[in-house]
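Please keep the sequence and the model in view while reading.

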Amino acid sequence: MTTWLREETPHDVFRFLREGDEGRHQTARVTADGAAWLASAAGGRGSALTRWEARPASPAALPCGTAFDVVNVDPVFGRRMLDKLWTEGPGSGPVAVHRGRTLLFAAPGTAQRLPALLDWEEWGEEVPRPLCHGLGDAVTVPPLAPSGSAGPRWLVAPDTRHPWLPGPEVVLWACVRAVRAASAADVRVSIFPPADPGANVYDVSRRR
């Protein structure tokens, strides 16, 4: 925790989050620094933190376009994208799930640029069309602490005041790799030609 947050921030929500982080690391739990980053999206940090202080286990609506954009994708495809980002790429920024969708937090400007990049990409038509939330949009973010309810939840919670966020090119890369992986899994490779459905088939195992 930084000196600035300790000495100049009056909100008890930071103490609540620091105490929850002591002696353990939880990917799905927001840290105090992560909460400060989320609150910065609203411009007026105080109002957002005051609401969270009263109800830290409740989700909140935050505007996109300044601190982050959000790429909203099909859950199965989103899981494939995350697998590629973490196994073959640079990793991801914060990731949440809400109403059966995967929300990838991305760099501001991604929502405007990504659709055009997908239109130009050879595999673009095979990507389940994402919903891109940018300037002028707002998204529901999960609670600061896991609530155990069926509402929004973090898969990768923000844990720093300046998290790395993928830009449109990185998100496009993950989309393309996810499509290629799915396509490869659907292709059956065999050294034999496909069987003729009208051919006579004999059980040679009984021949003497």
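The sections below cover the model, the chain as a whole and its aromatic rings.

**About the model**

The model is predicted: local features need pLDDT of at least 70, side-chain atom pairs count only at pLDDT 80 or more, and totals for chains, interfaces and linings use all residues. Residues are numbered from 1 along each chain as its sequence is written, and side-chain values use heavy atoms, with hydrogens and water left out.

**Helices and strands**

The chain contains 7 helices and 7 strands. Both are DSSP runs numbered from the N terminus, helices (H or I) having at least four residues and strands (E) at least two. Their order along the sequence is α-α-α-α-β-β-α-β-β-α-β-β-β-α.

**Contacts and surface**

Among contacts (heavy atoms within 4.5 Å) with a separation of 6 or more, 77% join residues 24 or more positions apart.

The chain has 208 residues, and 42% of them count as buried, that is, under 20% relative accessible area with a 1.4 Å probe, protein chains only. Its accessible surface (Shrake-Rupley method, 1.4 Å probe) is about 12,100 Å², and carbon and sulfur atoms make up 52% of that.

**Aromatic rings**

How many aromatic pairs does the whole structure hold? The search finds 4. Rings of Phe, Tyr and Trp (its six-membered ring) pair if their centres lie within 6.5 Å; planes under 30 degrees apart are stacked, over 60 edge-to-face, and the rest tilted.

Together with Trp37 and Trp154, Phe68 and Phe105 form one aromatic cluster.

Notes: Buried means under 20% relative accessible area, exposed over 50%, partly exposed in between (1.4 Å probe, protein chains only).
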